[in-house]
Amino acid sequence: MSYLLLLLGIVLLIKGADYFVDGASSIARTLHVSPMLIGLTIVAFGTSSPEATVSIIAAVEGNAGVAIGNVVGSNIFNITFVVGITALLNPLKVENETIRKEIPFTLLASVTLLVLISDMTLQFFGVNSITRSDGLVFLLIFAVFMYYIFEVAKNSRDKIKEESGTDEKAVSTSWIKKIIFTVGGLLAIIFGGDLVVDNATVIAYSFGMSETLVGLTIVAVGTSLPELITSITAAVKKESDIALGNIVGSNIFNILFVLGVSSVISPLAVDSKIFIDVILMIILTIILLIFSRTSFQVGRREGSFLVVAYLIYMAYIIVRN
């Protein structure tokens, strides 16, 4: 029964995120927002809603390992497997603004996470944890990021509006459908997330797996499937702005908002093994930045490297357990 409920939860997450992204992206385009900004915000936050739901539920239920492991594992999966597979299908062009600001902001969020969980090393505490104060720091940095995004959106909106042009009658008749898709998708994501975290934990415990490993593997991959599907779809349609924006925005959202809200609700104890994964996440973000700066795109060669890196990482954490 746990396996069936886990499968049902993942299906609800995927389909819920699909409808949520479709509805929210349609609303954003109606409001004349650029594809990159849609990827960084509406699509990224939509596809990250499973991570948010699972980590927040896990925090409420006292499964700190699942909450943190889910975020770190999802980010590593996004940087390696999602970017890699997407680039193999269609090389991802990277805008100068993304190289200069968005990817470095992802790196800042990752380094902030490493600093805030290093209580034993930096403050000589008895345990490492993400406290409510740490959570508020994450949310404040997230607010700065959102302010930056809204400023960029405001400055570019008039230009996008002039270029696109919109049929006002068509817009007015489709608003209800867009709202239904968005709200319905979000409800499916919330219910699916509850099923995934409960049943994945039960299954993992039956195999003797730790909470952190559950978060890094089963839950992380399950909740990152919307990012994978969305980015692949965007790449096939040659919407590389949405594909890369989705991945970068999701990683920022996962660390700053998801861990921020989760730790404000309930402080999270940190497993010492997660430090290796957080450091790897930082290294992979730097590698993505280097790939982006060298040729202003992530090509098939770079994509192959990232996919292989994820497969090696998965083998490593399974052996480590």
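**Working chat on a predicted model**

Modeller: F124 is found in the loop between α6 (119–122) and β2 (129–130), where helices (H or I, at least four residues) and strands (E, at least two) are DSSP runs, numbered from the N terminus. This is a predicted model, in which local features need pLDDT of at least 70 and side-chain atom pairs count only at pLDDT 80 or more, while totals for chains, interfaces and linings use all residues. Residues are numbered from 1 along each chain as its sequence is written, and side-chain values use heavy atoms, with hydrogens and water left out.

Colleague: What's the phi of F124, then?

Modeller: F124 is not a glycine, yet its phi is positive, at about 60 degrees. Most residues other than glycine have a negative phi.

Colleague: And is F124 buried or exposed?

Modeller: F124 counts as exposed, at 72% relative accessibility, given that buried means under 20% relative accessible area, exposed over 50% and partly exposed in between (1.4 Å probe, protein chains only).

Colleague: Switching topic: how many salt bridges are there in the whole structure?

Modeller: A search of the whole structure gives 1 salt bridge, meaning a side-chain nitrogen of Lys or Arg within 4 Å of a carboxyl oxygen of Asp or Glu. The partners are R320 and D277, whose closest N and O atoms are 3.0 Å apart.

Colleague: Which helices do R320 and D277 lie in?

Modeller: R320 lies in helix α12 (residues 300–320) and D277 in helix α11 (residues 274–295), so the pair ties together parts that are 43 residues apart in sequence. D277 is buried, with a relative accessible area of 0%.

Colleague: What about α3 and α4, at what angle do they pack?

Modeller: Helix α3 (residues 49–60) and helix α4 (residues 64–89) pack at about 160 degrees, with their axes 8 Å apart; the axes are lines fitted to C-alpha atoms over the stretch in contact, and angles run from 0 to 180 degrees between N-to-C directions. The two helices, α3 and α4, are therefore roughly antiparallel to each other, a label for angles over 145 degrees.

Colleague: Which residues of α3 and α4 meet?

Modeller: On the α3 side they are E51, V54, S55, A58 and A59, which meet V66, A67, N70, V71 and S74 in α4.

Colleague: Last one, T106: which residues is it in contact with?

Modeller: T106, in helix α5 (residues 96–117), is in contact (heavy atoms within 4.5 Å) with V248, N251, I252 and T285, leaving aside neighbours within four places in sequence. T106 is buried, at 5% relative accessible area, and a polar atom of its side chain lies 3.0 Å from the backbone oxygen of E102.

Notes. Parallel < 35°, antiparallel > 145°, perpendicular 65-115°, else oblique. Polar contact = N/O pair within 3.5 Å; in protein donor to acceptor, adjacent residues only side chain to side chain.
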